Amino acid sequence: MTGIDHPAPQPPTGPVPYDATFAKALLRDMLRIRRFEEKCAELYGAGKIRGFLHLYIGEEAAGVGALHALSAEDNIVATYREHGHALVRGMDMGVLMAEMYGKREGCARGRGGSMHLFDHNHRLFGGNAIVGGGLPLAVGLALAEKMQHSNRITACFFGDGAVAEGAFHESMNLAALWKLPLLFCCENNLYAMGTALERHQAQTDLCAKAASYAMAAQSADGMDIVAVHEAAKDAVARIRSGDGPGFLELRTYRFRAHSMYDPDLYRQAAELQAWKAIGPIHTFTARLKAEGKLTEEAFLALDAAVNAEVAKAEAFADAGTWEPVDDLLKDVYAPAGAAP
């Protein structure tokens, strides 16, 4: 297959409207995701991480820009490509890596792995292995917050493939009907697993779908962290004011295959290279340098600190322990030997 060509947008331009401290915090979070996942790919090849592994490389601006517009008290629901969301929300990188290994020191004692990260303390209510599976959960969380008259909102992250699921339409309808404090964040990377958007959606304008539910909808360049953050801030402010749910489409692109098992034969090499040329980390770094908010020396020091954090996380996971065989039936609710 040669795939459907999706031309890359123009590189992000314009001033970065943040002080150097906040701008470098955004850059640091994108670097933490990138270096962590590069290490995960390496460890997968070495057989230390097994099962499914879906990398966020190339999409870092979407998660970082949106999550920095939210309060630490807000709820997050994510997909199986959620390592970056977990890191930005504050999950310890060592605990995250231990979960990837399947070690007992992981956030789910090694039982969830890459696709099922969960951290109640940071209000990360799970990655979800089912396409669109997090959407109804987010509706439930948002409904609970409204019934309790809290000021929290819930943000649900999902890909363009989930838009084809019935759960998407049911969730959008109920959220709009009940005016729930819910932000739908569609990370549209243009390929639902291996199927181009034009091949699985009759209506490729995803904001038009949201508008059909009488919901405020906005599209932003998901490769530009400034565009993402500003759009997310606007959406969050409107939702928190009580105006009901919102839909945010972040047009992004993953630089790696859908998962480690994917031969990635459905995209043209030239298309991939064109999108890599506008990668969110190096374009944002260049803008900060041009504005005098970052030096090459400061960037190298930041990258070195991130790499040291990744190395520490790897060492923590390597030193972790496996769950004892006697505990394998723990939390299994049917008694052993019981009839189905």
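This is a predicted model: local features need pLDDT of at least 70, side-chain atom pairs count only at pLDDT 80 or more; totals for chains, interfaces and linings use all residues.

Start with helix 1, residues 20–45, and helix 4, residues 93–101. Their axes come within 12 Å and cross at roughly 25°. Angles under 35 degrees count as roughly parallel, so helix 1 and helix 4 are roughly parallel to each other. The crossing of this pair is right-handed.

Which residues in helix 1 and helix 4 meet? On the helix 1 side they are Arg32, Phe36, Lys39, Cys40 and Leu43. On the helix 4 side they are Met93, Leu96, Met97, Met100 and Tyr101. By class, that contact has eight nonpolar residues, two charged ones and no polar ones.

Next pair: helix 2, residues 60–67, with helix 9, residues 225–243. Here the axes come within 8 Å, and the crossing angle is roughly 35°. Helix 2 and helix 9 also cross in a right-handed sense. From helix 2, the residues in contact are Ala61, Ala62, Val64, Gly65 and Ala66. Helix 9 meets them with Ile225, Val228, His229 and Ala232. Sorted by class, this contact between helix 2 and helix 9 has seven nonpolar and two polar residues, and no charged ones.

Now the single residues. Ser171 sits in helix 6, which covers residues 166–177. Is Ser171 buried or exposed? Its relative accessible area is 3%, and the cut-off for buried is under 20%, so Ser171 is buried. What does the side chain of Ser171 reach? It reaches the backbone oxygen of Ala167, at 2.7 Å. Leaving out residues up to four places away in sequence, Ser171 touches Leu135, Pro136, Val139 and Phe184.

With the side chain of His6 the distance is 3.1 Å, and with the side chain of Glu271 it is 2.7 Å. How far apart are Tyr191 and Tyr266 in sequence and in space? They are 75 residues apart in sequence, and 9.0 Å apart in space, C-alpha to C-alpha.

That is what I have for today.

Note on methods
Residues are numbered from 1 along each chain as its sequence is written. Side-chain values use heavy atoms; hydrogens and water are left out. Axes are lines fitted to C-alpha atoms, for helices over the stretch in contact, and angles run from 0 to 180 degrees between N-to-C directions. Helices (H or I, at least four residues) and strands (E, at least two) are DSSP runs, numbered from the N terminus. Angles under 35 degrees count as roughly parallel, over 145 as roughly antiparallel, 65 to 115 as roughly perpendicular and the rest as oblique. A crossing is left-handed if the near helix is turned anticlockwise from the far one by less than a right angle, and right-handed if clockwise. Contact means heavy atoms within 4.5 Å. Ala, Val, Leu, Ile, Met, Phe, Trp, Tyr, Cys and Pro count as nonpolar, Asp, Glu, Lys and Arg as charged, and the others, Gly among them, as polar. Buried means under 20% relative accessible area, exposed over 50%, partly exposed in between (1.4 Å probe, protein chains only). A polar contact is a pair of N or O atoms within 3.5 Å; within protein, one must be able to donate a hydrogen and the other to accept it, and residues adjacent in sequence count only if both atoms are side-chain atoms.
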